[in-house]
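Please have a look at the sequence and the model first.

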Amino acid sequence: MDKIAVAYKEKMKELSMFSLICSCFNPRLQKNLDAKTDFMEVKPINKRASGQAFEVILKPPSPVSDVAHSIASPPKKRDISLEDIQKKLEAAEDRRKSQEAQVLRALAEKREHERDVLFKAMEENNNFSRMAEEKLIFKMEQNSENRRAHMAAMLERLHEKEQRAAVVRRNKELREELTA
């Protein structure tokens with residue numbers, strides 16, 4: 001339980017005020033609410049039907065405080081030499097050139113991809129045109145064969161009708177000769 005209290009004190013040092021108040025609702029830590037920390041004191045005032053109320057008392061920092069709680073001073077600026085500036089400028093130039101080369105590579109890859117897509121589309125279009133032309137030629141040949149076959153059948157029937165008509169005329173003439 002002592003470990004939990006120590007961890008709770010450390011957590012209270014790190015948390016903001018809102019997080020601290022929200023963490024007070026944790027049932028495992030309810031008995032530690034009256035505990036005093038180095039910089040604040042949290043006391044429950046009274047329990048109401050609508051919720052709980054807390055009093056948070058902040059203590060002024062003591063003159064002897066931990067180094068971890070002190071505000072860090074800004075880093076001291078060191079003198080920058082001309083060589084350092086030149087190195088930084090050269091590094092920046094190298095980064096700019098490498099970024100430019102990377103952009104150019106990406107553009108070249110994009111153009112290559114566009115060229116491949118366009119070539120593939122043209123090839124598919126040519127294949128489609130060739131297939132459509134072959135299909136059209138096949139249909140036209142089939143239609144002309146069907147037309148020739150239909151014409152030949154019609155001529156055959158016409159020829160048969162003429163033969164039948166000739167037979168009927170001959171029979172009629174024979175009948176007329178016999179009756180006459």
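## Salt bridges

The structure holds three salt bridges, each meaning a side-chain nitrogen of Lys or Arg within 4 Å of a carboxyl oxygen of Asp or Glu. This is a predicted model, in which local features need pLDDT of at least 70 and side-chain atom pairs count only at pLDDT 80 or more, while totals for chains, interfaces and linings use all residues. Residues are numbered from 1 along each chain as its sequence is written, and side-chain values use heavy atoms, leaving out hydrogens and water.

Side chains of opposite charge can pair when their charged atoms come close. Arg 96 meets Glu 93 at 2.3 Å, N to O, and also pairs with Glu 100, where the closest N and O atoms are 3.0 Å apart. Together, Glu 93, Arg 96 and Glu 100 are linked in a network of salt bridges. Glu 112 and Arg 115 form a salt bridge as well, at 2.6 Å, N to O.

## Along helix H3

Helices here are DSSP runs of H or I with at least four residues, and strands are runs of E with at least two, numbered from the N terminus. In helix H3, Arg 96 and Glu 93 are three residues apart, about one turn of the helix; Glu 100 and Arg 96, also in helix H3, are four residues apart, again about one turn.

How accessible is Arg 96? Its relative accessible area is 40%, so Arg 96 is partly exposed, a class that lies between buried (under 20%) and exposed (over 50%), using a 1.4 Å probe and protein chains only. Glu 93, at 31%, is partly exposed, and Glu 100 is partly exposed at 43%.

UniProt, in an unreviewed entry, places a "coiled-coil region" at residues 82-116; such annotations may be inferred rather than shown by experiment. Over residues 82-116 the chain is 100% helix and 0% strand, with its end C-alpha atoms 50 Å apart.

## A nonpolar patch

Ile 80, Leu 82, Ile 85 and Leu 89 form a nonpolar surface patch with about 410 Å² of accessible area together. Such patches join nonpolar side chains (Val, Leu, Ile, Met, Phe, Trp, Tyr) within 5 Å, from residues with over 30% relative accessible area and no salt bridge; areas come from the Shrake-Rupley method with a 1.4 Å probe. Ile 80 is found in the loop between strand E2 (51-58) and helix H3 (82-179), and counts as exposed because its relative accessibility is 52%.

## The whole chain

From the N terminus on, the elements run α-α-β-β-α. Of the 180 residues, 8% count as buried.

Definitions and conventions: Patch = residues over 30% accessible without salt bridge, like charges linked within 9 Å, V, L, I, M, F, W, Y side chains within 5 Å.
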